[in-house]
Amino acid sequence: MAAPSAGGVPVIILKEGTQRTRGREAQLNNIMVAKVISETMRSSLGPRGMDKMLVDSFGDVTITNDGATILKEMDVEHPVAKMLVEVAKAQDAEVGDGTTTVVVLAGELLAKAEELIEKEVHPALIIEGYKKAAKKVLEIYDNIAIPVSPTDKEVLKKIAKTSMISKLVSEEADYLSEIAVEAVLKVAEKVDGGWKVDLDNVKIEKKEGQSLRDTKLIDGVVLDKEVVHPGMPKIIHDAKIALLDTSLEIEKTEFDAKLHIESPEQMKAFMRQEEEMLKEMVEKIAAAGANVVLCQKGIDDMAQHFLARKGILAVRRIKKSDIEKIARATGARIITRVEEISEKDLGRAKLVEERKVGEDKMVFIEECENPKSISILIRGGTKRLVDEAERSIKDALNVVKDVVIEGKIVAGGGAPEIEASLGLRDHAKTLAGKEQLAVEKFAEALEVVPAQLAENAGLDPIEILVSLRAKHKEGERWAGINVFEGKIDDMYKLEVLEPVLVKKQVIKSAVEAAAMILKIDDIIAASKLETKKEKGGTEGSFGEE
Ligand SMILES: Nc1ncnc2c1ncn2[C@@H]1O[C@H](COP(=O)(O)OP(=O)(O)OP(=O)(O)O)[C@@H](O)[C@H]1O
Ligand SMILES: [Mg+2]
């Protein structure tokens, strides 16, 4: 790009090939991208929403209804699309649910902003109005939220169930909700008056086979590994666990070393020396009192043999993250130098056992020293089913956690959005000029949630919105869409319950995303690095084809 200088000679500012879009054109372009992304997500909102099938560049197929997963797998290119993916991911990390809603709402907020931009309202004013509106919505949500006891299992189960009912696993939502609630309550801790839930204490393992109903909560840690040697015990009571992040092998030198061996005796002596070293390692471990060895790296055949002779159960090549989990669960110290092992480094568990799960064997470390360490072993007919079950259970764990922490819920099915939308319209009347316009647009945008829930259930969104507004004006706060019977119902009575934390986070994230996108009025894109292929492959500047 060039700009004329005082002397009329052009001054080069941007590199050749750089594309620049500015002002309204840039804004409208970005809004269009956001609208397209949110269009794509809309059809999967709610229990009657559709699933998406995503095929990655390796041909691997994912079938899911999870907003964050859909966006992640879509592998989008445009920077605005990427921003929305980040928003969905952040929503997922923050509260674990509402990822579809956040993207749909952000898209709608931008679509409404577009109408205002066309009416010559400056984006900065829209952003300001939107932020005010969001603040008001959060207030409204706080006002209508229903306080619940954080350990009320019945309520928590309904919360978990609502989050799962829109997923592939909905048929087993009852059963899986129970597991999610048990799991969260097991790891929940009371700290200075409130509750703390660390979901890192819940390990999720999955194994194809059997059915979703065979999914189980396990008191301890499950490893998708088997005992390394057939001569080892398969079950150890009162386990004392040595946890190693090194290998039980003789280190090979980094360099090629040549060894001159001139006689069979020399060869034997050499082998014996290696053997002695391994034996010594095993002796050390046994002397410390360990009867289980869990190793992040390899275990030499010879070492396996010695361990088996000592009656020690050993597992090798355990993931680093699992090693850390086991350390927390059993109180074991991770040992890097076997020579230094002592009894106080060992972790404790009542039982370590290898069991057959489906076609494979898995190792269960149960009743660990830290009772807060648990696992969920997911079963299901196919890989895709267990994968989607994992995502759904994670959502459920998160929403239950949200309620345990915050202790406040709302009913769903579009009810809170209508309530907030009406509240906002009243609020807008107290404002003046363009700000009022922006707040009104926000109120309209919120209605995208009930409208889309209606549409996905095959209902007429306009009709539904009209009657929903009327009901809410009459004071029916929880009037929402019964998507299964195709009519308006009291969502609280229908037990469609959600954490208010999720609803609030949806508003915060959607506004943030919309504001971020509206603020951009200049897109300066460097030209793509040219690859050989695009050049036609004749210049050979990289010296390869
Ligand atoms: N039984 C139900 N009847 C009516 N609406 C429901 C019911 N269950 C859930 N909903 C509504 O569906 C919406 C949530 O849908 P969904 O779970 O597909 O999307 P999300 O939570 O935004 O995204 P994700 O779960 O993919 O992170 C919420 O507005 C919720 O109130
Ligand atoms: Mg959901």
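This is a predicted model: local features need pLDDT of at least 70, side-chain atom pairs count only at pLDDT 80 or more; totals for chains, interfaces and linings use all residues.

A residue is near if one of its heavy atoms lies within 4 Å, and helices are DSSP runs (H or I, at least four residues) numbered from the N terminus.

I noted that 27 residues are around ligand 1, and that T99, T101, K167, G413 and E498 come nearest.

I then looked up polar contacts (pairs of N or O atoms within 3.5 Å). An oxygen atom of ligand 1 is 2.6 Å from a side-chain N or O atom of T99, and a backbone N or O atom of G413 lies 2.7 Å from an oxygen atom of the ligand.

Next I asked which cavity residues there are. A cavity is a set of points on a 1 Å grid over the protein atoms alone where a 1.4 Å probe fits but cannot get out, and its lining residues have an atom within 4 Å of a point. The search finds one cavity of 30 Å³ or more, and its lining includes T101, L105 and Y141. I wrote down that α16 (500-518) gives the most to this lining, with three residues.

For my own reference, residues are numbered from 1 along each chain as its sequence is written, while chains are lettered from A and ligands numbered from 1 in the order in which they are written. Local features need pLDDT of at least 70, side-chain atom pairs count only at pLDDT 80 or more, and totals for chains, interfaces and linings use all residues, while side-chain values use heavy atoms, with hydrogens and water left out.

Key: A polar contact is a pair of N or O atoms within 3.5 Å; within protein, one must be able to donate a hydrogen and the other to accept it, and residues adjacent in sequence count only if both atoms are side-chain atoms. On a 1 Å grid over the protein atoms alone, a cavity is a set of points where a 1.4 Å probe fits but cannot get out, and a pocket is an open set with protein on both sides within 12 Å along at least five of seven lines; lining residues have an atom within 4 Å of a point. Grid points are joined across faces, edges and corners, and a volume is the space filled by probe spheres set on the points. Helices (H or I, at least four residues) and strands (E, at least two) are DSSP runs, numbered from the N terminus.
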